[in-house]
Amino acid sequence: MNQADLTAKIQNGDTSVFPDIVEQCQQMVYNTALSIVQNEADAEDITQEVFIEVYENLTEFRQEAQVNTWIYRITINKALDFEKRKKRQKHGGLLKRIFSVRAEEEPINFNHPGAQLDNKEKAAVLFRALKKLPENQQLAFTLHKIEGLPYKEVAAIMETSLYAVESLIARGKTSLKKILEDYYQSSE
Amino acid sequence: MDKNKLDKLVEETINSMDAADPAMPAPFLLTRIKARMDLENAAGAWEKVSAFLAKPLVAFPALTLVLALNFWIIKSSVPDNSVSNAADYSKVSTDDYSLSTATSLFDIETAQR
């Protein structure tokens, strides 16, 4: 079933398309969540939450956006909320801060399961550097460079202009280069 | 590390996910989603009940009713001291002199004659 058929069925209030939506979009949702939260179990959890929200709001979906774009937005919101919650938990609590081990503050290396074997180490460095970018630059870079979406679709998902996306990605790349240069120079 | 080598390494790192395969979630995702939805619906029913009970419009009258019932039960189970003591004393004196029995026997005997 293609995007147009899915959209049409959803608009007719046909919730029986839900298994088709899960089948078609699970890879997209899981990969996007995985690139943002950088943890397989958390990405799996977010994927389930995304589809539950999709099911609950299926009848309210209007064709203001493509089904994919709508699901991407839900995924990104869920993944970013998850990250914020995690950061709050990490920094919250005076006692926790006093007794926490300093080493925990360093992000753990994430090995993307899809990365090519000879690129695994570099991909881990890339994901670690991505975490240091501002949220919107990280998002734009992830959607374009890792998910392989065109600028136009990234703009639709992020509800911004094409120019803004281009600018975000360019600034993201510049910042990434700086972070990576510092990393490789310090690890010599 | 010389500049060219560093630039090459940085560029390779930025492009390291270009040829990556997409990751796949664990199998039977739909089944797990349905199970989670069922679980959340079951928990949701209890949440609805507790949310209804927690409404001030429901909680305060319910609390008042419970307190009033308690007060009424306690009040009705405690005996009234002044009335019951007087009744007890009259019973004791009646029993001591066997007044009620004597009177009734006298009446019976008198009636037989």
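What pattern does chain A follow when read along the sequence? It runs α-α-α-α-α-α-α-α-α, which gives chain A nine helices and zero strands. Helices here (H or I, at least four residues) and strands (E, at least two) are DSSP runs, numbered from the N terminus.

Before going further, some housekeeping. This is a predicted model, in which local features need pLDDT of at least 70 and side-chain atom pairs count only at pLDDT 80 or more, while totals for chains, interfaces and linings use all residues. Residues are numbered from 1 along each chain as its sequence is written, chains are lettered from A and ligands numbered from 1 in the order in which they are written, and side-chain values use heavy atoms, with hydrogens and water left out.

Let's start with chain A as a whole. Of its 188 residues, 44% count as buried; buried means under 20% relative accessible area, exposed over 50%, and partly exposed in between (1.4 Å probe, protein chains only). Contact means heavy atoms within 4.5 Å, and among the contacts in chain A with a separation of 6 or more, 61% join residues 24 or more positions apart. Chain A exposes about 10200 Å², with carbon and sulfur atoms supplying 48% of that. Accessible areas come from the Shrake-Rupley method with a 1.4 Å probe, and for residues only the protein chains shown count as cover.

Now zoom in on a few residues. A:Gln138 sits in helix α7 (residues 135-146) of chain A and is buried, with a relative accessible area of 10%. Setting aside neighbours within four places in sequence, A:Gln138 is in contact with A:Ser35, A:Ile36, A:Leu130 and A:Leu133. By contrast, A:Glu121, in helix α6 (residues 120-130) of chain A, is exposed at 69% relative accessibility. The C-alpha atoms of A:Glu121 and A:Asn111 are 7.7 Å apart, with the two residues 10 apart along the chain.

Backbone angles are worth a look too. Most residues other than glycine have a negative phi. A:Gln38 has a positive phi of about 55° although it is not a glycine; this residue is in the loop between α2 (18-37) and α3 (40-56) of chain A and counts as buried at 11% relative accessibility. B:Phe28 also has a positive phi, near 60°. B:Phe28 lies in the loop between α1 and α2 of chain B, and at 65% relative accessibility counts as exposed.

So how do the two chains meet? In all, 29 residues of chain B are in contact with 38 residues of chain A. The chains bury about 3100 Å² between them, 67% of it on carbon and sulfur atoms; buried area is the accessible area (1.4 Å probe) that two parts lose on being put together, summed over both. B:Ile14, B:Met17 and B:Arg36 supply 22% of the area that chain B buries against chain A, more than any other three residues.

B:Arg36 turns up again in a salt bridge, its side chain meeting that of A:Glu49 (3.2 Å, N to O). The rule, a side-chain nitrogen of Lys or Arg within 4 Å of a carboxyl oxygen of Asp or Glu, finds seven salt bridges across this interface. The elements giving two or more residues to the side of chain B that touches chain A are α1 (3-14) and α2 (29-53) of chain B, and α1(B) gives the most, with nine residues.
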